[in-house]
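User: Hello! I am new to this structure and would like to learn what stands behind the words used for it. Could you take me through them?

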Amino acid sequence: MIVGFLLYPLGYEALLATPAAPLAETFLPAITFMVVVLYMGLFAMSFDFVSGYTGYLSFGHAAFFGTGGYFVVLAANGQVPGIPGGTPFMITLLLGAVVAGLLALVIGSVSFRLTGVYFAMITLGFAQVIYELIRSWGYVSTNPTEGATVSGDALAIGVPFVDALSLDVGRLTGESVENLLGLGIDLSATVVSYYALGIVVVVCYFAMQRIIHSPFGRVMIAIRENEERARAVGYATYRFKLAAFAISGFFGAVAGGIFAAYSRSVAPDGTFYFLVTADALITTIVGGFGTLAGPVYGTLFTQGLEDVLSTESGGIATLLREELPASVLEADLFGISVELFVNTAVDGRAPLYLGIIFVLFVLFVPNGILGTLRDRLGGTVGKRLPDHLRRYLR
Amino acid sequence: MLLETEGLTKRFGGITAVDGVDFALETGELCSIIGPNGAGKTTFFNLLTGVLEPSDGSIRFAPSGGRDAGAASAGADGTGSAIDITTASPDETALAGIHRSYQITNLFPTLSVLENVRVAAQASRGNDSWKLWRNVTDFEDHYAEATAILERIGLAEEAETVTQNLSHGEKRSLEIGVALAGDPDLLLLDEPTAGVSSEGVDEVVALIEDVAEDHSVMLIEHNMEVVMDISDRIAVLHRGELIADGPPEDVRGDEDVQEAYLGGYGREGSADGRERSADEGGRSDGDAAADGGRRVRAGGESR
């Protein structure tokens, strides 16, 4: 997974220079989509951290994503009291995450008095209340329904106050690197952002992974499996759930923060809105509930699908339009031409197919991509794969 | 005195499931609680463990001074360190030293057998559970204790088995194992032989006797042979009231008990049939309500 993350942009760029370029452009997600995979993957992981491991569905998770995003943008504009405008992004990112963790404690202290679907509903309610507040909070910007934009310099990921160890991120404002370490590799601004965001995501992944494998993580799993018994053996489950929720909110806000740094703007609909949570829910189910890494694969899957079906960078529709002979394109299909069919049924129709695939996943692959893989292998992929490979190589 | 209740009462709406029970247990005793279904036995356990809050009355618990120091040294002067657990939550009573097994198997179904016991052992090690940054496999003492318990309950070979794949009898043993992992001063066993085949019962009974060697035990049990055989003392609940309390031979001879429950056990040779019918007749809503209505009739398949 990590190796794939490191090599993907280089491989992708290399493929574009070969004759296979049209196919690569069509079926491999572009780097801009991979950046989305990174921050949405991290957000989905943070959702899975609490939902998949304690069994409490955090339907208001967008509140933490939004808190992280807005905090970063407002802090960059010097609008957060006590934080001067030029404070390094890494510090504001951390502060925003802590704020979201505290928010999670507040929301959780009320919500964890309920269980099951009632918990999901009340967290959703909290998030929607915050969404409405943010939409009409004039302090954020002159037009709060449209959100806020970073007005100053690009935000940098790296070691604060050390310019050489920091990388500016953003699709347009990011740094590009020429002749990396004298290896003759040039990296575009998007690719640099990809790596910079990726480092944050990988660090967060390992941190959550570590917590899952700690005694605390085992208590979370015990709560998911049988909360009544977990209490009966002596766990004050309320406190454990609250702590897990706060940690989850923390990492959800980190995801929101790096999203804001990359896009340089935040809007209520892209952060606090409940469909942001739904994205995380869908990718988590596709990737595998309670697997932590699964949601990243789920996001990769859904974003890959979106890339293939959109025309933003290659995509099936473009490929078909360019490669099919005119006679086929003009041929009649149920009363419309094939070209019109491609335009209406393929181009930008990712949500439709995603919906169908989601239903199929729920019906036939309920454990998700990674969950099913682990079931088949009888353990985590990292542990079991070497054995299986050895068996095939013999 | 290890445990003492005074006027313990629990009402569910109009039903009084437990009615003014004064009960006391000495350290080291094995006391069986018997009575027809709906008599309030499980509700009584739920009150002791804090699952339910009493409507009235109080519960005092006097665990052996320094826990882990040696259960045997506790006893006469226990009243000094007695704590009031009347309104304690389930986790608080567990940490105080009361652990229970359930009438309906209530384990962590998708975890391994070892992990079921290990996570219970971890609970009694206070701060270990809050060490977010340590790998769980570093805590060798958790695994050592869990393995020792698995050996004791005869499931050492199944350590890596996923719990839901165990046989029913093995699950019943694991129920006791998970309760043991909390290093209890008082062990509450709720029908440990429920649904176990007649051959399996002997194994579970042997395990109970073994556990009773070094623990104080309260046992809810319907199998009269087992109860008469292994109990130091028997308490009889009937419609929430404690109608008899004493050594097995006294309780067996008690007229009220005969009337309410035993159906002639000890007077005639085989009383099983009548006992069962008394069971069914006496079943009211008390226990069902206490268990959230998902109670499965224990042992009902033998009717």
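Analyst: Gladly. Let us start with one definition: a helix here is a DSSP run of type H or I with at least four residues, and a strand is a run of type E with at least two. By that rule, residues 27-44 of chain A are 83% helix and 0% strand, with the end C-alpha atoms 23 Å apart. Please keep in mind that this is a predicted model.

User: What makes residues 27-44 of chain A a "transmembrane region"?

Analyst: That name comes from a UniProt annotation in an unreviewed entry, which also covers other spans of chain A, including 88-107 and 352-373. Such annotations may be inferred rather than shown by experiment. For residues 88-107 of chain A, the model gives 95% helix and 0% strand, and the end C-alpha atoms lie 29 Å apart.

User: How many helices and strands does chain B have?

Analyst: Chain B has 11 helices and 10 strands.

User: What makes β9 and β10 of chain B a pair?

Analyst: Pairing needs at least two bridges found by DSSP. Strand β9 (residues 233-238) and strand β10 (residues 241-246) of chain B have 5 bridges, in the antiparallel sense, so they count as paired under that rule. Within the pair, Ala235(B) stands opposite Asp245(B). The hairpin has 2 residues between the strands, and Arg239(B) takes a positive phi near 50° there.

User: Why is α3(B) called mostly covered?

Analyst: A residue is buried if 20 or more other C-beta atoms lie within 10 Å of its own. In α3(B), 11 of its 11 residues are buried, so the helix is called mostly covered by that cut-off. Among the buried residues are Glu115(B), Arg118(B) and Gln122(B). The buried residues of α3(B) pack against α8 (215-225) of chain A, and also against α2, α4 (140-152) and α5 (168-181) of chain B. For chain B as a whole, buried residues make up 49% of the 303 residues.

User: Where do the two domains of chain B lie, and what joins them?

Analyst: The domain assignment gives domain 1 (3-97 + 184-302) and domain 2 (105-182). In chain B, 13 residues of domain 1 are in contact with 11 residues of domain 2. On the domain 1 side, β7 (186-190) and α6 (198-213) of chain B give two or more residues each, and α6(B) gives the most, with 5 residues. By class, this side of domain 1 has 9 nonpolar, 3 polar and 1 charged residues.

Note on methods
Residues are numbered from 1 along each chain as its sequence is written. Chains are lettered from A and ligands numbered from 1 in the order in which they are written. This is a predicted model: local features need pLDDT of at least 70, side-chain atom pairs count only at pLDDT 80 or more; totals for chains, interfaces and linings use all residues. A residue is buried if 20 or more other C-beta atoms lie within 10 Å of its own, exposed if 12 or fewer, and partly exposed in between; C-beta atoms are placed from the backbone. Domain bounds come from an automatic or database domain assignment. Two residues are in contact if their C-beta atoms, placed from the backbone, lie within 7 Å. Ala, Val, Leu, Ile, Met, Phe, Trp, Tyr, Cys and Pro count as nonpolar, Asp, Glu, Lys and Arg as charged, and the others, Gly among them, as polar.
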